[in-house]
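Subject: The structure, and what turned up in it

Hello,

Here is the structure I promised to pass on. Have a look at it first, and then read on for my notes.

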Amino acid sequence: MTNTISNDEASAGSHKDKGNEAFKGSQWNEAVKHYSNAIKLGATHKELPVFYKNRAAAYLKLEKFEKAVEDCTESLKLVPNDPKALFRRAQAYESLEKYEEAYRDATALFKADPGNKTVQPILQRLHVIVQERVARNAKLSTKVKNMMDLTFDLTSPLEKRRSAANNLVVLAKESTGAELLYKEHCVTKVATLAKVEKDQEIYINMVYVVAALCENSVERTKGVLTELGVPWFMRVLDQKHEECVATAQYCLQTIINALSGLKNKADSKPDKELCSKNNREIDTLLTCLVYSITDRTISGAARDAVIELLTRNIHYAALEWAERLVEIRGLCRLLEVCSELEDYKYESAMEITSSSSTIASVCLARVYENMYYDEAKLRFVEQIDEFIKDKLLSPDMESKVRVIVTITALLSGPLDVGNQIIAREGILQMILAMATTDDELQQRVACECLIAASSKKDKAKALSENGVDILKRLYHSKNDAIRVRALVGLCKLGSYGGGDAAIRPFGDGAALKLAEACRRFLIKPGKDKDIRRWAADGLAYLTLDAECKEKLIEDKASIHALMELTRGGDQSCLYGVVTTFVNLCNAYEKQEMVPEMVELAKFAKQHIPEEHELDDVDFINKRITILANEGITTALCALAKTESHNSQELMARVLNAVCGLQELRGKVVQDGGVKALLRMALEGTEKGKRHACQALARIGITINPEVAFSGQRSLDVIRPLLNLLHQDCTALENFEALMALTNLANMNESVRQRIVKEQGLSRIEFYLMEDHVFLTRAAAQCICNLVMSGDVVKMFEGENDRVKFLALLCEDVDEETAMACAGALAMLTSVSEKCCEKIFAVTSWLDVLHTLIANPSPAVQHRGIVIILNMINSGEETAKKLFQTDIMELLSGLGQLPDESRAKAREVAIQCLAAAERYRIIERSDEAEIPDVFAESAKITEFLDE
């Protein structure tokens with residue numbers, strides 16, 4: 001036993017030493033790993049306090065200040081008043097803006113070690129901050145009390161109460177204000193006020209106050225949940241007014257974020273440690289949300305908000321809660337919403353909105369996406385089967401109608417599962433039988449399911465043989481709702497040939513006739529939104545036909561009607577409208593036609609897809625231009641808040657197609673497209689993210705980034721652009737991303753630092769080695785702008801070959817690449833003596849300098865001479881090494897060059913010689929005759945000619 005303990009302690013000491021080495025080498029994560037091992041193995045080690053202190057130092061470097069505080073506290077438990085532990089905890093507290101705690105530790109350190117000069121400036125600085133905060137807090141405390149008195153006093157004038165409520169929201173967003181409000185029992189007063197408050201504006205602001213109190217504070221969040229309870233939030237969520245529902249949804253998301261470490265950003269990841277600590281609270285909250293899905297007492301808008309919250313948080317990239325949702329039978333509750341019909345009004349019916357089924361099907365798709373192993377998928381399908389069997393066993397027709405509606409939702413969400421269900425024996429026959437009844441509701445529901453079922457070519461072909469006659473008969477119904485659905489079914493079956501001009505299931509001219517029928521439904525005044533939405537779905541299928549595209553794009557009334565459907569962000573309109581726009585822009589996935597494979601297919605007498613002449617590039621560009629000028633960007637931004645990743649991909653495709661035309665990029669920026677693209681670039685399908693990233697890159701190339709990406713967006717856009725610097729992306733995507741990053745890097749130091757922080761430099765440098773002139777050039781130009789950052793200069797000064805590689809690229813045959821590399825070296829050598837020295841590490845450094853001095857390009861030559869001047873100015877030793885070669889003669893000759901296009905290079909060459917004179921490496925002689933090197937060169941040329 002003793003030997004085991006001593007071995008562990010020896011290993012702990014070894015890990016500490018390795019951690020110290022990693023720390024010295026700036027490998028902070030590696031250092032944390034070794035110190036953690038030392039702590040684990042050295043529970044009884046005499047240096048355990050040191051292990052904690054050292055790990056705290058590494059956490060400080062990683063900016064994980066909370067963890068640094070925890071480690072310093074553990075160290076101080078073992079060795080009270082330890083100077084280093086106190087100092088590091090004071091640093092961490094200051095970074096966390098907990099100035100009073102930092103001041104307390106700095107004071108304790110000063111008392112323990114009065115001679116410590118390091119702590120004195122920190123103590124002085126903190127003393128000033130704390131005094132200012134005390135004075136400000138006194139004023140803030142008075143303001144908080146006054147605002148609370150006004151807000152919660154129902155007898156005060158309404159305008160004063162509204163103003164006070166707005167002020168409370170502002171105060172709650174500040175950490176100090178939030179603490180004061182919490183200590184003044186604001187939460188209890190909000191709960192009381194919510195029961196009696198009649199003014200909607202004040203009510204909404206009170207919910208915002210609760211959200212602000214929870215933000216970034218686990219302690220306050222838990223206090224709020226204890227004080228109010230989850231049912232209170234559900235009551236707040238259960239409102240008719242959209243803004244109230246949105247505010248309550250935001251408040252609940254803020255609580256989830258505070259407990260999990262998530263942020264309201266697309267690429268945010270949870271803190272695993274925080275999730276583990278607060279697992280009970282997170283699980284309780286999400287379970288309550290699941291149970292409330294089928295709550296008959298809440299409004300349809302509240303139900304949608306609950307499902308959206310679940311969709312956002314259950315994914316494996318968020319809280320990884322999908323399997324738990326299946327476990328507590330949340331699928332059945334989602335299916336209940338999907339099966340709900342507004343036509344069936346009875347006592348226990350749930351209130352739903354026109355978007356409820358769509359939102360529920362998106363959530364089902366998100367859950368199924370997380371079933372990434374066979375057993376989980378089997379459990380998912382079993383619950384679906386169980387729900388459908390229960391409904392089918394019921395003798396009433398209503399249950400069977402609900403089954404069909406549920407299958408339609410599954411076909412719109414987890415398509416594979418929907419296809420499995422519809423393939424079950426008797427299901428398709430039941431749908432066709434319903435379509436032939438005289439009951440209008442059954443006809444409508446069957447139509448919708450047939451449309452959803454014909455999503456794959458083989459099923460569409462089968463249905464076209466069996467279902468066309470039924471759909472034609474239904475089209476002659478007197479009920480417009482059934483007619484339009486039958487029309488969409490015919491449109492879908494008639495378009496299964498896709499963009500192949502050779503496949504026409506219904507013969508020539510049929511597609512145009514169907515399109516005209518859809519148009520009449522779409523633009524006819526007085527038609528309700530549901531009918532117009534179905535008409536848009538019909539056009540989504542028909543616009544795969546090039547003739548229909550041209551017919552539609554010339555019809556401004558139809559284009560405006562489609563865009564009108566998007567206003568308000570109704571999710572049920574999403575598919576039809578966006579797919580129509582994708583087809584008009586030809587932004588769908590196209591199969592690459594390899595000439596060899598085409599010839600082989602012809603030989604084998606296989607069908608080869610034919611492209612219509614109206615799908616030529618000129619026609620496509622004309623259609624895109626018309627859409628952009630009619631406001632396509634604004635229309636898509638209204639729908640961009642969808643949680644459906646597939647829909648986001650479709651929107652990204654359209655916006656990327658618009659940005660593909662240089663003259664339209666300004667229109668996208670002007671209409672607010674950048675905000676929507678930033679979100680789509682960081683979440684969704686891989687293809688959708690790539691299209692959104694490419695659209696942002698194209699905007700960044702053409703438009704001034706200070707205009708296109710103003711404020712915080714200039715930093716937010718960096719990660720999407722860097723994501724295009726991947727080997728899976730095309731060379732065009734790589735090039736456009738590099739060009740956009742070049743423009744961004746020229747903006748300001750904050751942008752350059754963010755590029756470095758996102759590991760951008762190494763990704764960009766990779767393309768310097770590409771065997772593609774444009775990629776190499778773009779990478780070089782980007783680095784030329786990045787070296788304006790001091791952080792990048794330090795990276796070039798490190799133990800690496802970065803300077804050497806730039807020097808070698810100065811000899812590149814491409815003038816632009818050589819100019820960029822020479823420019824980068826000129827800037828590096830102007831601020832770093834180490835970079836000047838590193839040029840000599842290039843074996844052929846003299847050849848490189850010769851190439852620069854004699855370069856045919858005046859711009860490259862000028863930059864080359866600046867590099868030499870910087871090397872001379874960096875120190876006498878470097879200057880001597882240079883002038884031991886023929887550099888002096890070449891510079892002397894350049895100084896006499898009569899060519900005015902090289903005036904800048906000539907001027908710098910003279911400065912080089914003057915610098916050499918200062919070091920007394922060369923001396924000026926007024927009597928000596930200066931040889932005319934160009935005359936000598938001419939003589940040599942004449943001699944060679946003879």
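This is a predicted model: local features need pLDDT of at least 70, side-chain atom pairs count only at pLDDT 80 or more; totals for chains, interfaces and linings use all residues.

Residues are numbered from 1 along each chain as its sequence is written, and side-chain values use heavy atoms, with hydrogens and water left out.

The overall picture

The chain has 57 helices and zero strands (DSSP runs numbered from the N terminus: H or I of at least four residues for helices, E of at least two for strands). Of its 946 residues, 52% are buried (under 20% relative accessible area; exposed is over 50% and partly exposed in between, with a 1.4 Å probe and protein chains only).

Salt bridges

The whole structure holds 44 salt bridges (a side-chain nitrogen of Lys or Arg within 4 Å of a carboxyl oxygen of Asp or Glu). One of them joins Glu179 and Arg220, at 2.6 Å from N to O. This pair links distant parts of the chain, with Glu179 in helix α9 and Arg220 in helix α12, 41 residues apart. Glu179 is partly exposed at 30% relative accessible area, whereas Arg220 is buried at 9%.

Lys145 and Asp149 also meet in a salt bridge, at 3.6 Å. They sit four residues apart in helix α7, so about one helical turn separates them. There is a network too, linking Glu159, Arg162, Asp199 and Glu201.

A lysine without a partner

Lys838, in helix α51 (residues 833-839), is buried yet has no salt bridge. The nearest side chain of opposite charge, Glu799, is 6.5 Å away (Lys and Arg count as positive, Asp and Glu as negative; His and the chain ends are not counted). A polar atom of the Lys838 side chain does lie 2.6 Å from the backbone oxygen of Gly798.

Cysteines

The count of disulfides is zero (a disulfide being a pair of cysteine sulfur atoms within 2.5 Å). For Cys836, the closest cysteine sulfur is 7.2 Å away, in Cys835, too far for a bond. Cys836 is buried, at 0% relative accessibility, while Cys288 is partly exposed at 29%.

Best wishes

Notes: A polar contact is a pair of N or O atoms within 3.5 Å; within protein, one must be able to donate a hydrogen and the other to accept it, and residues adjacent in sequence count only if both atoms are side-chain atoms.
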